[in-house]
Amino acid sequence: MTVEVQCEATQVAEVVVPQEELVAANKVVEEVEVNEKVKEDEEEESKPNTIEKSSSYREESNFLSDLKENEKKALNELKSIVEEAIVGNTLFKKEETNKSLEEEGKNEENPDANIEEKEGDLDVVEVDREISIWGVPILPSKGDEKTNVVLLKFLRARDYKVNESFEMLKKTLQWRKDFNIQSILEEDLGSDLAPAAYMSGVDNQGHPICYNIFGVLEDEEIYNKTFGTEEKRNQFLRWRVQLMEKGIQQLDFKAGGVSSLLQINDLKNSPGPSKKEVRVATKQAVDLLQDNYPEFVAKNIFINVPFWYYAVHSLLSPFLTQRTKSKFVFARPAKVTETLLKYIPIHEIPIQYGGLKRENDFEFSASDSEASEILLKAGSTETIEIPAVDVESTFIWDVTIVGGEVSYKEEFVPEDETSYTIIIQKDKKVSSTIRNTFKNTEAGKVVLTIKNTSSKKKKAFYRHKITKSTI
């Protein structure tokens with residue numbers, strides 16, 4: 001016999017909305033998306049039962065032994081130039097001192113005194129050998145292996161052209177000084193834009209993930225607060241740079257470590273190209289980040305991409321290098337979860353994108369957050385059993401489906417065959433993430449049944465835990 005019981009379940013909300021370092025969005029390629037579409041369709045036909053991790057998702061090696069001869073030569077040349085510039089105190093532009101006419105002429109009667117004074121000033125100039133960027137010293141003679149990793153970023157950004165790489169480094173250091181980056185992490189720049197861009201979790205290779213939620217800017221109040229005046233737009237730029245610096249703090253800059261971020265750009269409900277203020281601010285942010293943060297994005301993944309985005313950026317494709325194109329990935333709304341799974345484990349993907357991650361989750365911690373997966377063949381039925389011998393135990397489980405809708409139900413089956421089977425959740429159609437709990441009054445097991453009635457293979461991911469009563 002069966003008895004129906006009401007049990008609290010947490011349903012998933014619709015997908016969240018998009019934000020900012022889509023900044024890179026202003027340089028994206030529709031051509032890449034078209035290739036992605038073709039690839040996805042081919043994969044769907046040939047390997048519909050698997051979600052492959054991206055085989056090309058590897059950063060270039062920072063080990064000296066892996067560099068080509070021309071790359072080693074360029075690195076050594078750049079190190080030599082940087083060393084000479086630091087020791088010669090020519091890395092930064094000279095600061096002009098606005099002397100008054102009286103000060104300039106105070107020694108007119110004794111011009112030799114001026115010469116002696118200037119010569120004396122030159123004698124006391126000290127060389128700053130502690131110059132660093134992102135916490136990494138850039139004086140090569142210090143022998144820090146991280147210096148090579150940082151300098152290689154500038155070289156790769158300029159296709160190993162040494163002089164251009166050095167100029168980029170100089171400009172970046174000067175910009176950081178002028179922009180007062182040293183104090184930016186301590187600044188309170190408000191919380192209005194917190195939902196628009198944030199750091200959360202790591203991908204399969206340990207890259208910190210930055211989410212940019214552009215749809216947040218559809219809110220008129222937030223839009224006006226962010227872009228209403230030039231002062232507010234400048235504040236927005238500073239806030240975005242602050243977020244970038246926070247993400248970089250999670251990098252180790254080791255040769256075999258992690259030295260870049262993964263960007264997820266959600267374009268759902270994003271303001272269209274008609275929003276002039278957004279265009280101006282995002283272009284400024286793109287330019288600023290590209291000029292001063294070279295090779296800091298391992299991949300730029302765009303999800304929920306609208307049609308107008310393809311139309312606008314298809315025009316830019318011919319002007320982008322293959323290196324730039326290779327970092328862009330596009331996903332239509334129906335392919336968001338599958339695309340993210342190529343780069344991010346399911347327990348690190350937020351529930352609004354079909355994953356299992358919840359902010360401030362008090363049920364699953366880092367130690368028990370990983371999930372198992374089940375292949376759902378066409379027309380098949382699979383069950384997940386969660387046994388519990390102890391009475392008054394609390395069952396907690398998460399389930400998410402990738403690939404489309406399935407039939408799903410939850411039951412508690414007592415160990416005692418004379419007891420009733422309890423229906424926790426009636427059979428229903430699901431395609432999103434489910435969390436539920438159940439407390440047993442007798443020994444038994446929770447059984448989750450998933451039916452794939454379609455002709456297409458799908459996948460289910462699940463995790464569970466049982467907590468015993470302390471009473």
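Biologist: How many residues does helix α9 have, and how far does it reach from its first C-alpha to its last?

Modeller: Helix α9 covers residues 276–292, so to speak 17 residues, and reaches 24 Å, close to the 24 Å expected at 1.5 Å a residue. The expected span is 1.5 Å times one less than the number of residues. Helices (H or I, at least four residues) and strands (E, at least two) are DSSP runs, numbered from the N terminus. This is a predicted model, where local features need pLDDT of at least 70 and side-chain atom pairs count only at pLDDT 80 or more, while totals for chains, interfaces and linings use all residues. Residues are numbered from 1 along each chain as its sequence is written, and side-chain values use heavy atoms, with hydrogens and water left out.

Biologist: Thanks! Which residues in α9 are buried?

Modeller: Val 278, Ala 281, Thr 282, Ala 285, Val 286, Leu 288, Leu 289 and Asn 292. Buried means under 20% relative accessible area, exposed over 50%, and partly exposed in between (1.4 Å probe, protein chains only).

Biologist: And what covers them?

Modeller: The cover includes α6 (162–178), α7 (220–227) and α8 (230–248). Contact here means heavy atoms within 4.5 Å.

Biologist: Which residues touch the most other members in the largest nonpolar core?

Modeller: That core has 40 residues, and Leu 91, Trp 134, Leu 155, Ile 248, Phe 253, Tyr 293 and Phe 296 touch the most other members. At least two core residues come from each of α2 (69–87), α5 (145–157), α6, α8 and α9. A nonpolar core is a set of buried Ala, Val, Leu, Ile, Met, Phe, Trp, Tyr and Cys residues joined through side-chain atoms within 4.5 Å. There is also a second, separate core of 37 residues, which includes Ile 222, Ile 264, Ile 344 and Ile 346.

Biologist: You mentioned Trp 134. Where does it lie?

Modeller: Trp 134 is in the loop between β3 (132–133) and β4 (136–137). It has a positive phi of about 55° although it is not a glycine. Trp 134 counts as buried because its relative accessible area is 11%.

Biologist: Let's switch to sheets. What is the order of the five strands in the open sheet?

Modeller: The order is β5-β6-β7-β8-β9, with mixed pairing. Two strands pair if DSSP finds at least two bridges between them. At the edges are β5 (197–202) and β9 (328–331), each pairing on one side only. From one strand to the next, the twist averages 20°.

Biologist: How many bridges join β5 to β6?

Modeller: Four, and β5 and β6 (residues 208–213) run antiparallel. Ala 197 stands opposite Asn 212 in β6.

Biologist: Which residues is Asn 440 in contact with, leaving aside neighbours within four places in sequence?

Modeller: They are Ala 388, Asp 390, Val 391, Glu 392, Ser 393, Phe 395 and Phe 412. Asn 440 and Ala 388 are 52 residues apart in sequence, and 8.4 Å apart in space, C-alpha to C-alpha. A polar atom of the Asn 440 side chain also lies 2.8 Å from the backbone oxygen of Glu 442.

Key: Axes are lines fitted to C-alpha atoms, for helices over the stretch in contact, and angles run from 0 to 180 degrees between N-to-C directions. A polar contact is a pair of N or O atoms within 3.5 Å; within protein, one must be able to donate a hydrogen and the other to accept it, and residues adjacent in sequence count only if both atoms are side-chain atoms.
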